[in-house]
Amino acid sequence: MPKLPNLVPAPLRKPAKPGQAGPRKGQAPADLKTSPPERPSDVQRLVAQAKEAPIDVAAWLDQRTGASGFLTGMLFRKVPKGTNWFYTLGSATMFAFIVQAVTGVFLAMFYTPSATQAYASIAHINNEVPLGAFVHGMHKWGASVMVILIFLHMGRTFFFGAYKYPRELNWVIGVVLLILTMTMAFTGYLLPFDQRSFWASIVGININGTGPVLGPYLSDFLRAGPELGATTLARFYAIHMLLIPGAIIALIGAHLYLVVKLGTTAPPWVRAQRPKVAAPTAQLDGADRGNGASAR
Amino acid sequence: MADDADKTTPANGATTQQERVKPEPPGYFEGESMTRRKAFAVAAQGLGGLAGAAIVLPAVGFAVAPIFHRGKERWEAVGPVSDFVEETYRQVVFTETEGIGDAGKTTAYVRKSSPELGEKPGEFIAVSNRCAHLGCPVRFVEAAGNFICPCHGGVYDFVGKVLGGPPVRPLDRFQTRVRNGQVEIGPRYSVTSQLKPVRARDPGEFTGGIWEYLYPPRPSTFPAP
């Protein structure tokens, strides 16, 4: 079995102990002259090249994108002590969003955003399309899951104090993502166009309208007119599947960039540890790494 | 001032290493307020902004245009004059919004105007069944003589004034007229707590007094009768 390439990048790798790091630089192994290695056959060379092909492809891409530096920084970034399962709530929310995006794309293949046909097209999805009820169910229940997860994620951030300097901007982006998620839930609710979604949307739009001065105009904007009409459903559909998903994807990108850039916080119950003051000379020769340097 | 002097005087030994003069950009002239480079940068960004606005503004206008659009006034006959009495309401269903089938229909409770209640005789009163709280459909309960909302318990009296619950104003009404012996129902309007007609408001919005300014009338609605 070929040896796997060392995945840990060199700066994070543990240095070899003296005497175990292979032959010294500049000196051939002692047995090279007495028993030289055999020349590989053509077949062996081809096999060896084939084995290298994936690495060659990766290197080709890396040379042109410089992605490995970014990926190394992102995937091997340090996380604080005490990181636990609560820290996965953000990723869980993102996965819920991905599920919504994927199932939503396939629902859009069968859905008709017209006031007279929407209900029938949903009934068609649920009753006649193979696995239609399942995909629709994933989208419907996944919406609730995403809302629950995003609130849990916000609670984690709040109670762990992870919104404080220098992460305030990430908190602000997260709040915007929360609002967009609620808007998704609101606009998606009308789409089946049954009695429940119809009246729930009327109540929701009217709650929007109770805002002073601008509220009435916001209601008219949402309905595209003074009453819930033919264009209201199309408008909700466009907001639900085009406008907000794009904004959410862009903001998730910014959110993740800041997470990687700033790192995560330790939970509040983990005390800050001061690095021990290094003894002036003892560690410089590298012979005594067991004490001070590994204290973290 | 010292800089200006340095720029204009030839280097006859007066300038030392410390006071080295930055070379003037090409095209520099005395008294210019903006370099050529900056002028082009501003012009390019301005043109870019103009091009962006040419795309974004029509799109936004397209999306918000319905706020300023008022549809055609719509009248629908709901029955002969003899169908309606003063003492109680008769439920009629008619189309308020066209093009969306049954979803565009709404319900009104219609009766003859009653001089006993201080109304002008010979007219017809059409009370909307849309609750003034959040827009649920209310029902006229004959035995109680009240309108009752199933959602949050709003109660209105016989003329539509609030008796209890969360509604913020009386029930909306529709304009009525008689044509060829038929009662016709027209555009919706709202009323104040004193039943004074005002332009139609959405549910949840107060009417009368200062509220007329906090919940301004929308251009998409018809003027009050």
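Me: In this predicted model, how many residues lie between β10(B) and β11(B) in their hairpin, and which turn residue has a positive phi?
Reply: Strands of a sheet pair through backbone hydrogen bonds, either parallel or antiparallel. Here β10(B) and β11(B) form a hairpin with 5 residues between them. The turn residue to look at is B:Leu195, with a positive phi of about 65°. The strands run antiparallel and are joined by 2 bridges. Strand β11 covers residues 197-198 of chain B. For one facing pair, take B:Ser190, which stands opposite B:Val198 in β11(B).

Me: How many residues separate the strands in the hairpin of β9(B) and β10(B)?
Reply: That hairpin has 2 residues between the strands. B:Asn180 takes a positive phi there, near 55°. Strand β9 (residues 173-179) of chain B is joined to β10(B) by 6 bridges, and the two run antiparallel. The bridge partner of B:Val178 is B:Val183 in β10(B).

Me: In what sense do β1(B) and β10(B) pair?
Reply: The sense is antiparallel, over 4 bridges. Strand β1 spans residues 76-80 of chain B. Its B:Glu76 has B:Ile185 of β10(B) as bridge partner.

Me: Why is β10(B) described as largely enclosed by the rest of the structure?
Reply: Count its buried residues. Strand β10 (residues 182-191) of chain B has 8 of 10 residues buried, so the rest of the structure largely encloses it.

Me: What about β4(B): mostly covered or mostly open?
Reply: Mostly covered. In β4(B), 4 of the 5 residues are buried. Now look at its partners. β3(B) and β4(B) run antiparallel and are joined by 5 bridges. B:Lys112 stands opposite B:Phe124 in β4(B). β4(B) also runs antiparallel to β9(B), with 2 bridges joining them. There B:Ala126 stands opposite B:Phe174 in β9(B).

Me: Which strands form the open sheet in chain B, and in what order?
Reply: There are 4 strands, in the order β5-β6-β7-β8, and the pairing is antiparallel. The edge strands are β5 (139-141) and β8 (162-164) of chain B, each pairing on one side only. Inside the sheet, strand β6 (residues 146-148) of chain B and strand β7 (residues 155-156) of chain B pair over 2 bridges.

Me: Now cores. How many residues does the largest nonpolar core have, and which have the most contacts inside it?
Reply: The general idea comes first. In soluble globular proteins, nonpolar side chains tend to be buried together. The largest nonpolar core here has 22 residues. Those with the most contacts inside it are B:Ala108, B:Tyr109, B:Val110, B:Ala126, B:Val127, B:Val138 and B:Leu171. β3 (105-112), β4 (124-128) and β10 of chain B each supply at least two residues of this core. A second, separate core has 17 residues, including A:Ile125, A:Leu191, A:Tyr237 and B:Ile100.

Me: What does B:Tyr109 touch?
Reply: Leave out residues up to four places away in sequence. B:Tyr109 then touches B:Tyr89, B:Gln91, B:Val127, B:Asn129 and B:Phe140.

Me: How many residues of chain B are in contact with chain A?
Reply: 25 residues of chain B are in contact with 25 residues of chain A. On the chain B side, the classes are 12 nonpolar, 9 polar and 4 charged.

Me: Why does A:Ser219 count as buried?
Reply: Count C-beta neighbours inside 10 Å. A:Ser219 has 28 of them, so the residue counts as buried. A:Ser219 is found in helix α8 (residues 215-223) of chain A. Its C-alpha atom is separated by 6.8 Å from that of A:Asn206, 13 residues apart along the chain. Skipping residues up to four places away in sequence, A:Ser219 touches A:Ile205, A:Asn206, A:Asn208, A:Gly209 and B:Asp202.

Me: Last feature. At what angle do the axes of α6(A) and α7(A) cross?
Reply: Helix α6 (residues 168-190) of chain A and helix α7 (residues 195-209) of chain A have axes that cross at roughly 135° and come within 7 Å. That angle makes α6(A) oblique to α7(A). From α6(A), the contact is made by A:Phe186, A:Tyr189 and A:Leu190; from α7(A), by A:Ser197, A:Ala200, A:Ser201 and A:Gly204. By class, the contact residues are 4 nonpolar, 3 polar and no charged.

Methods
Residues are numbered from 1 along each chain as its sequence is written. Chains are lettered from A and ligands numbered from 1 in the order in which they are written. This is a predicted model: local features need pLDDT of at least 70, side-chain atom pairs count only at pLDDT 80 or more; totals for chains, interfaces and linings use all residues. Axes are lines fitted to C-alpha atoms, for helices over the stretch in contact, and angles run from 0 to 180 degrees between N-to-C directions. Angles under 35 degrees count as roughly parallel, over 145 as roughly antiparallel, 65 to 115 as roughly perpendicular and the rest as oblique. Two residues are in contact if their C-beta atoms, placed from the backbone, lie within 7 Å. Ala, Val, Leu, Ile, Met, Phe, Trp, Tyr, Cys and Pro count as nonpolar, Asp, Glu, Lys and Arg as charged, and the others, Gly among them, as polar. A residue is buried if 20 or more other C-beta atoms lie within 10 Å of its own, exposed if 12 or fewer, and partly exposed in between; C-beta atoms are placed from the backbone. Two strands pair if DSSP finds at least two bridges between them. A nonpolar core is a set of buried Ala, Val, Leu, Ile, Met, Phe, Trp, Tyr and Cys residues joined through C-beta atoms within 7 Å.
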